[in-house]
Amino acid sequence: MEVERKECDLLVVGAGIAGLMAAIRARQLGASVIVAEKGYATHSGAGRAGDDHISCFIPEIHGSNLDDYVDEQMARPGAYRNAHLSRAVLRNYYERSHEFIDLWDSWGIPMKYEGKYYCAGHGVFGGNGIPGRPLHHLHYQGQVQKTILVEKTIESGADLMNRCMVFELLGNANGVSGALAIDTRQNKMYEFQAKTVLMCTGWAMRIFPSQTPGVMYNYEHPATCCGDGKALVYRLGGEVTAMEHLVKWCGIKNFSRCGKGTWVGVYRDAQGVPVGRFVTKPERQYGDGIGDVTWTFLDDLRKNGRGPVYLDGRGMSDEDLEDMFFWLVHEGNTATIDHLKKEGVDPRRNAIEFGTFGIEPWGKIAINDNLESSVKGVYACGDETSLGVGWAAGNGWMSAENAVKYAQSIPMPSIDKNKSRIKELRNLIEDMQNREFGITWEDANQALQNTLSEYCGFVRYDGMLQAGMAHLRRLKKKAIEEMKAKNQWELSRVLEVRNMYDFGELIFMASIERKETREVYLRPEYPVLDVRLNHRALFIKQVNDKPVFTWREVNHKRAQGGK
């Protein structure tokens with residue numbers, strides 16, 4: 001295997017929205033930057049097909065009181081999943097969000113519709129699509145966002161390395177010195193020596209089965225976003241958090257795509273009765289907010305004998321339909337619209353069955369007010385720390401500012417102290433490449449999915465959790481010892497599965513540790529919400545190869561003077 005060493009001030013892991021914004025900003029500030037993307041940057045990440053909404057604060061729309069706005073965000077349904085984020089992190093983003101909106105607009109990503117800001121009730125943040133509530137999300141035309149951001153990154157002078165998968169961080173819990181990566185097409189390994197590393201690897205798909213278990217890649221986010229960043233930071237000794245939390249989205253049944261808040265209509269059961277209380281007729285600006293207030297509502301209705309459920313758009317005007325399709329295209333639903341047209345399905349006349357997608361883990365990398373992890377020099381942003389395109393863009397930009405400032409204050413670290421670890425990992429990779437017989441990555445992945453869905457779903461019992469974790473650990477050992485990669489592409493899938501097993505183990509451990517019931521987090525043995533955990537988050541790190549758990553209160557209060 002060929003080995004090449006490269007050096008930089010900032011190594012960005014992942015070329016999604018957050019990673020590209022970080023690279024651009026770091027280059028503006030004079031840092032040397034490498035962006036390592038295991039896929040192809042123009043088509044990678046959750047924002048690859050576009051987006052049509054961004055959570056933001058625009059004073060001319062939302063008023064002048066930023067702190068009231070932040071209070072509303074922190075009080076939304078499901079906000080406890082973000083208990084690990086301090087008020088300062090949220091406030092800093094919203095305070096500067098208008099800056100990033102103007103920047104994107106100047107780059108050619110249209111942030112206004114017909115010359116004006118157009119806010120709508122896309123409900124990613126629970127309940128924002130409810131009549132009478134503030135409209136937090138700005139509609140924008142994001143279909144071209146990745147193409148433009150990639151062009152800007154290349155123009156900045158950053159070294160954008162496609163087909164380059166970072167699979168291990170180097171250093172220790174006290175500080176990072178670099179990373180190891182493989183070329184996903186050539187038999188080559190990279191040794192990166194870096195002052196700082198920014199993790200931007202996105203969501204964690206493929207941990208649980210999709211809504212169609214026989215179809216591995218039927219997820220609303222790219223299946224190659226599979227929790228790499230969390231696993232890498234944890235193995236280095238950094239803190240991860242919110243690993244016990246799960247979410248479920250909904251959309252057209254059997255076809256997982258984002259955009260439920262963009263659809264216009266009313267959720268009704270088979271008898272035509274609305275299942276929510278927020279809208280009774282199609283509302284272009286709102287959609288039906290029940291899907292965001294109660295993420296499991298479709299499952300709950302089916303259990304109570306009220307399924308199936310349809311999104312009923314009958315009664316919307318031709319203009320409403322045109323508007324809905326316009327924004328669905330920017331949300332990445334071109335294939336969905338083409339299919340509806342091909343099959344002659346007209347949402348103005350035909351109710352469309354909606355279903356619940358597969359379970360997705362929420363787990364995040366823990367960060368401080370400077371967007372830095374517990375490991376010095378490792379920063380995190382985008383879906384590594386919360387959710388949303390705006391969050392990715394804004395915090396990618398701001399994390400780069402913080403990372404560059406730190407990089408300017410230290411000498412280049414050496415990865416030679418990690419020689420034994422590098423040799424160990426190179427040997428592991430060569431073993432996986434040279435095994436004559438072995439387990440396929442698909443079989444190992446499906447075994448992980450079956451274990452998580454069987455033992456650690458939304459309803460969790462201690463006995464099942466303990467049994468499931470023991471079984472997962474047996475599978476993990478077997479997978480690492482026996483997985484085989486026939487080529488470099490398969491090697492990248494094998495290394496993803498290695499990370500996913502670490503992620504799955506963290507889900508089990510965190511679920512055992514949280515002994516309460518809270519919203520959709522159900523522990524029948526502990527049926528009462530534990531008020532002592534309000535404003536607290538569960539943090540996990542590895543010390544001497546053993547997990548250490550800490551419940552820690554995070555500052556969500558206004559500072560004196562309002563901030």
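This briefing describes selected strands, loops and individual residues of one protein model.

The model is predicted, and local features are given only where pLDDT is at least 70, side-chain atom pairs count only at pLDDT 80 or more, and totals for chains, interfaces and linings use all residues. Residues are numbered from 1 along each chain as its sequence is written, and side-chain values use heavy atoms, with hydrogens and water left out. Helices (DSSP runs of H or I, at least four residues) and strands (DSSP runs of E, at least two) are numbered from the N terminus. Two strands are said to pair if DSSP finds at least two bridges between them. Buried stands for under 20% relative accessible area, exposed for over 50%, and partly exposed for values in between, with a 1.4 Å probe and protein chains only.

- Strand β8, which covers residues 175–183, has nine of its nine residues buried, so the strand is largely enclosed by the rest of the structure.
- On one side, β8 is joined by eight bridges to strand β7 (residues 164–172), and these two strands run antiparallel; they form a hairpin with two residues between them.
- Strand β9 (residues 188–199) also runs antiparallel to β8, with five bridges joining the two, and the hairpin that links β8 to β9 passes through four residues.
- G178 has a bridge partner in each neighbouring strand: L170 is paired with G178 of β8, while the bridge partner of G178 in β9 is Q193.

**The sheet of β3, β5 and β4**

- An open sheet of three strands is arranged in the order β3-β5-β4, and its pairing is antiparallel.
- The edges of this sheet are β3 (53–55) and β4 (119–120), each of which pairs on one side only.
- Three bridges hold the antiparallel pairing between β3 and strand β5, which spans residues 137–139, and S55 has H137 of β5 as its bridge partner.

- β13 and β14 run antiparallel and are joined by four bridges, and within β14 the bridge partner of Y267 is L311.

**Loops on either side of β14**

- The loop between α8 (297–303) and β14 contains P308, and the peptide bond leading from G307 to P308 is cis, with omega near -5°.
- M316 is placed in the loop between β14 (309–312) and α9 (318–330), and this residue is buried, with a relative accessible area of 6%.
- Leaving aside residues up to four places away in sequence, M316 touches V264, P282, L321, M324, P347 and R348, where contact means heavy atoms within 4.5 Å.
- Although M316 and R284 are 32 residues apart along the chain, their C-alpha atoms are separated by 8.2 Å.

**Two residues with positive phi**

- L371, in the loop between β17 (364–365) and β18 (378–380), has phi near 65°, a positive value in a residue other than glycine.
- This L371 is buried, with a relative accessible area of 4%.
- N544 also has a positive phi, near 55°, in a residue other than glycine, and its place is in the loop between β19 (536–543) and β20 (546–553).
- N544 counts as exposed, at 70% relative accessibility.

- E490 belongs to helix α15, residues 488–513, and counts as buried at 13% relative accessibility.
- A polar atom of the E490 side chain lies 3.0 Å from the backbone nitrogen of K486.
- With residues up to four places away in sequence left out, E490 touches W441, K484 and A485.
- M464 is located in helix α14, which covers residues 462–482, and is partly exposed, with a relative accessible area of 33%.

Technical notes
Polar contact = N/O pair within 3.5 Å; in protein donor to acceptor, adjacent residues only side chain to side chain.
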